Amino acid sequence: MYQLIQFKTPSIIFGMDTISQIGQEAKKLGAGRALLVTGPRIEAAGILEKAVSFLKKESILVEVAVEDRDTPEPATTVVEEVAEIARKGSFDVIVGLGGGSILDVAKMASALLTNPGKTRDYFGKEKVSKRGKPTLIVPTTSGTGAEVTKHAIFLDRESNVKKAVASTNLLPDVAIVDPMLTVSCPPSVTASAGIDAFLHAAEPFLSKNANPMTDAMALEAISITSRWLGPAVAEGEDLEARYSMSLGSVMSGIVLNNSGTSLVHAMAYPVGGEYHTPHGVTLSALVIACFDYIRIAKQEKMVRLAQAMGEPVGGLSPREASARALDAIRYLIQSVGLPVCLKDLGITDRTKIARWAVEAHKEQRLLSRSPRKLSVEDIQKIYENAF
Ligand SMILES: [Fe+2]
């Protein structure tokens, strides 16, 4: 009944064309010299040039590190390379400009400037003991929420499993969220990132860690992302859709940071690590089986989720109304061309289930928030159902 609630968020600047404030914000953080970490798509879309010119306008010396790895999740080695560049340049501020992977690299590289060792030493909960150099984080997709979270996700090449660094000291100093930067984001990335955003609100809303502050924001984020993802995928230049998805994404990122995801994310890690499928795509293939499994524990909240997604539930029993939530999620995923089961994702080899279940079960940081207790066998059953 009585909860201890902690609520953390970086300073957030949200709105159209707010990229123009990147120079002033970097200056407030103490730059001097800034290392800007970005990717090739950002450079090609002309976003990098814009960002650099606004930084230079404030007389900030900028060095650019372009990361062009093609797996959806960066390997830890990429972070170490960027940290090495950062060390040599003695920068005052680290700027991350890009999709979630780039932002995670920027956040972790900053942490390695003030903390010893390598990324691998910090997998797990609250292991980064000192804040890094100040970070200014600018997303160019609507989904990961990396601009407002304490998490960074990397592929651990040794185990071929995605692992998370979850430390409050990784929380960015400033997030600039400019929906205009997402206009050039292709439909497939918009869809995958958008489902990730939706789940960063829906999963914490159904978790044991939910609280009234995050629930309020989660319901609005669920409503916004489920309403606007379709239009954003259908027409990338629909500015109202882009604005709404950026807003929904930053809100769900705040929910994620303060209440946390659970079994869908835990079960996606081994699958994504093995098949290198984009994060949101992997989540899409697992969420129906996962939510169906936890439904008996959270029926009343599933009804509120269905309502937030615009489903008429008046006159329905809780069982019928909670089933509507699953229908609405299935429709949302299919309507943007994503898979609703592992078979849809092109994965047919069931022999991997036993190993995945063991790997997913190790993610107790996430599974401890599940509203229904999960053994390795339970997780195996959910993977089976996801086929
Ligand atoms: Fe996610």
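**View 1. Isoleucine 94 and threonine 135 face each other.** In this predicted model, isoleucine 94 stands opposite threonine 135 in β6. Strand β4 (residues 93-98) and β6 run parallel and are joined by five bridges. Strands here are DSSP runs (E, at least two residues), and helices are too (H or I, at least four), numbered from the N terminus. Two strands count as paired if DSSP finds at least two bridges between them.

View 2. Why is β6 largely enclosed by the rest of the structure? Five of the five residues of this strand (residues 135-139) are buried, so the rest of the structure largely encloses it. Buried means under 20% relative accessible area, with exposed over 50% and partly exposed in between (1.4 Å probe, protein chains only). Thr135, Ile137 and Pro139 point one way, while Leu136 and Val138 point the other way. Strand β9 (residues 174-177) also runs parallel to β6, joined by two bridges, and leucine 136 has valine 174 in β9 as its bridge partner.

**View 3. An open sheet of three strands.** The order is β5-β8-β7, with mixed pairing. At the edges lie β5 (124-125) and β7 (151-156), each pairing on one side only. β5 runs parallel to β8 (residues 161-166) through two bridges; glycine 124 has valine 165 in β8 as its bridge partner.

**Notes.** Residues are numbered from 1 along each chain as its sequence is written. Local features in this predicted model need pLDDT of at least 70, side-chain atom pairs count only at pLDDT 80 or more, totals for chains, interfaces and linings use all residues, and side-chain values use heavy atoms, leaving out hydrogens and water.
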